Amino acid sequence: MPGRFFVSITHAKDNTDKATVAFVVANAAVGSDKETVVFLSTEGVWLAVDGYADDIHEPGFAPLKQLVGDFTANGGKIWACSPCIKKRKLEDAKFVPGVEIVGGARAVEFLSGGTPSLSY
């Protein structure tokens, strides 16, 4: 087994630097043959909405839309917090391809074996 890595993202346009760097790290993990999950919660769930990240581009980094696309194209998984989606009334939104809406128990299960994680 190649190992696992978990990146928790709680920011979107409220802190585009953190959102961008989180996906840079997630891409590094998936590129290092790690089973990698990005978990979007609180404000981070906005990144699950298709088109939301299209105009986010931090100087010195690839555009966030490209980082998200590269991540999923290379096998990375994006999970979005179900209660956070509901709180923001996004249940009927069109999501980025591959986004899975999950509860916190799914994240706990993934992390329970000692999976390394970072939070942004």
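This is a predicted model: local features need pLDDT of at least 70, side-chain atom pairs count only at pLDDT 80 or more; totals for chains, interfaces and linings use all residues.

Student: How many bridges join strand 1 to strand 2?

Tutor: Six, and strand 1 and strand 2 run parallel.

Student: And what about strand 2 and strand 3, how many bridges join them?

Tutor: Four bridges there, again with the strands running parallel. Val37 turns up here too, standing opposite Lys77 in strand 3.

Student: Zooming out, what order do the strands of the sheet have?

Tutor: The sheet is open, with five strands in the order 4-3-2-1-5 and parallel pairing. Strand 4 and strand 5 (residues 117-119) are the edge strands, each pairing on one side only. From one strand to the next, the twist averages 25°.

Student: Which strands does helix 1 touch when it packs on the sheet?

Tutor: Helix 1 touches strand 1, strand 2, strand 3 and strand 5, and its direction makes about 170° with that of strand 1. Helix 4 lies across strand 1, strand 2, strand 3, strand 4 and strand 5, and runs at about 145° to strand 1.

Student: With those helices around, is strand 2 mostly covered or mostly open?

Tutor: Mostly covered: five of the six residues in strand 2 are buried. Strand 1 is mostly covered as well, with five of its six residues buried.

Student: Let's go inside. Which residues touch the most other members of the largest nonpolar core?

Tutor: Phe23, Val38, Leu47 and Leu64, out of 40 residues in that core. Among the elements giving two or more residues to the core are strand 1, strand 2, helix 2, helix 3 (82-87) and helix 4 (104-111). Helix 1 gives the most, with six residues.

Student: Take Val38. What does Val38 touch, not counting residues up to four places away in sequence?

Tutor: Leaving those neighbors out, Val38 touches Val7, Ile9, Phe23, Ala26, Phe71, Lys77, Ile78 and Trp79.

Student: Switching to charges: how many salt bridges does a search of the whole structure find?

Tutor: Seven. One of them pairs Glu35 with Arg4, with the closest N and O atoms 3.3 Å apart.

Student: What does that Glu35 and Arg4 pair tie together?

Tutor: Glu35 sits in strand 2 (residues 35-40) and Arg4 in strand 1 (residues 4-9), so the pair ties together parts that are 31 residues apart in sequence. Glu35 is partly exposed at 25% relative accessibility, and Arg4 is partly exposed too, at 29%.

Student: Which residue forms a salt bridge with Asp54?

Tutor: Lys65 does, with 3.9 Å between the closest N and O atoms. Asp54 lies in the loop between strand 2 and helix 2 (64-73), and Lys65 is in helix 2, so this pair ties together parts eleven residues apart in sequence. Asp54 counts as partly exposed at 45% relative accessibility.

Student: And Glu100, which residue forms a salt bridge with that one?

Tutor: Arg106, and the closest N and O atoms are 2.6 Å apart. Glu100 is partly exposed at 33% relative accessibility, and Arg106 is partly exposed with a relative accessible area of 34%.

Student: Which residues do salt bridges with shared partners join into one network?

Tutor: Arg4, Glu35 and Lys77.

Student: Fine. Is Cys81 buried or exposed?

Tutor: Buried, with a relative accessible area of 9%. Cys84 is buried as well, at 11%. The cut-off for buried is under 20% relative accessible area, so both residues qualify.

Note on methods. Residues are numbered from 1 along each chain as its sequence is written. Side-chain values use heavy atoms; hydrogens and water are left out. A salt bridge is a side-chain nitrogen of Lys or Arg within 4 Å of a carboxyl oxygen of Asp or Glu. Buried means under 20% relative accessible area, exposed over 50%, partly exposed in between (1.4 Å probe, protein chains only). A nonpolar core is a set of buried Ala, Val, Leu, Ile, Met, Phe, Trp, Tyr and Cys residues joined through side-chain atoms within 4.5 Å. Contact means heavy atoms within 4.5 Å. Two strands pair if DSSP finds at least two bridges between them. Axes are lines fitted to C-alpha atoms, for helices over the stretch in contact, and angles run from 0 to 180 degrees between N-to-C directions.
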